[in-house]
Amino acid sequence: MNALMWVMQVALAVAFFAHGGLFLFPPAAAVEQMNASLPRWFQLFLGVAEVLAAIGLTLPGLTRIKPWLVPCAAAGIIVVMISATIFHLMRGETSSAITTIVLLVLAAAVTYVRWRVAPIPSRTSG
């Protein structure tokens, strides 16, 4: 179970780090289209939030310092993915909505398992 959770956490972290990076540093060819969809300030907010979520999914677990932050980061992703799914469905972007639903399910699984079933133990002092 622990290995599966790490695979899911790393997969989510890679996806959100890449997508957050895209919002923070969009390719020149995509800037106009992205700005037409979302205001730049919101893209920056999402980019920072997604990069921080990627860090929150991995770093606390790797260091075992405050590992309870892992399910918190995954729970934050759930909120973002619900919003993203609604956004894409309202725009008729079914394939993007399916992608966000898959990420939502992965984040929900990480949240539940890392909170209730197989939490990452804290580093013990000593």
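Analyst: Of the 126 residues of the protein, 35% count as buried, where buried is under 20% relative accessible area, exposed is over 50% and partly exposed is in between, with a 1.4 Å probe and protein chains only. Please keep in mind that this is a predicted model, in which local features need pLDDT of at least 70 and side-chain atom pairs pLDDT 80 or more, while totals for chains, interfaces and linings use all residues. Residues are numbered from 1 along each chain as its sequence is written, and side-chain values use heavy atoms, leaving out hydrogens and water.

User: Why is H1 called roughly antiparallel to H3?

Analyst: The axes of H1 (residues 2-24) and H3 (residues 40-63) come within 8 Å and cross at roughly 155°. Axes are lines fitted to C-alpha atoms, for helices over the stretch in contact, and angles run from 0 to 180 degrees between N-to-C directions. Under 35 degrees counts as roughly parallel, over 145 as roughly antiparallel, 65 to 115 as roughly perpendicular and the rest as oblique. The crossing angle therefore makes H1 roughly antiparallel to H3.

User: What makes Thr 85 buried or exposed?

Analyst: Thr 85, in helix H4 (residues 69-90), has 10% relative accessibility and so counts as buried. Beyond its neighbours within four places in sequence, Thr 85 is in contact (heavy atoms within 4.5 Å) with Ala 97, Thr 100 and Ile 101.

User: And what makes an aromatic pair edge-to-face or stacked?

Analyst: Two numbers describe a pair of rings: the distance of the centres and the angle of the planes. Rings of Phe, Tyr and Trp (its six-membered ring) pair if their centres lie within 6.5 Å; planes under 30 degrees apart are stacked, over 60 edge-to-face and the rest tilted. The structure holds two such pairs. Trp 41 and Phe 42, at 5.5 Å and 70°, are edge-to-face, whereas Phe 42 and Phe 45, at 6.0 Å and 25°, are stacked. Trp 41, Phe 42 and Phe 45 form one aromatic cluster.

User: How exposed are Trp 41 and Phe 42?

Analyst: Trp 41 has a relative accessible area of 60%, so Trp 41 is exposed. Phe 42, at 28%, counts as partly exposed.

Notes:
Helices (H or I, at least four residues) and strands (E, at least two) are DSSP runs, numbered from the N terminus.
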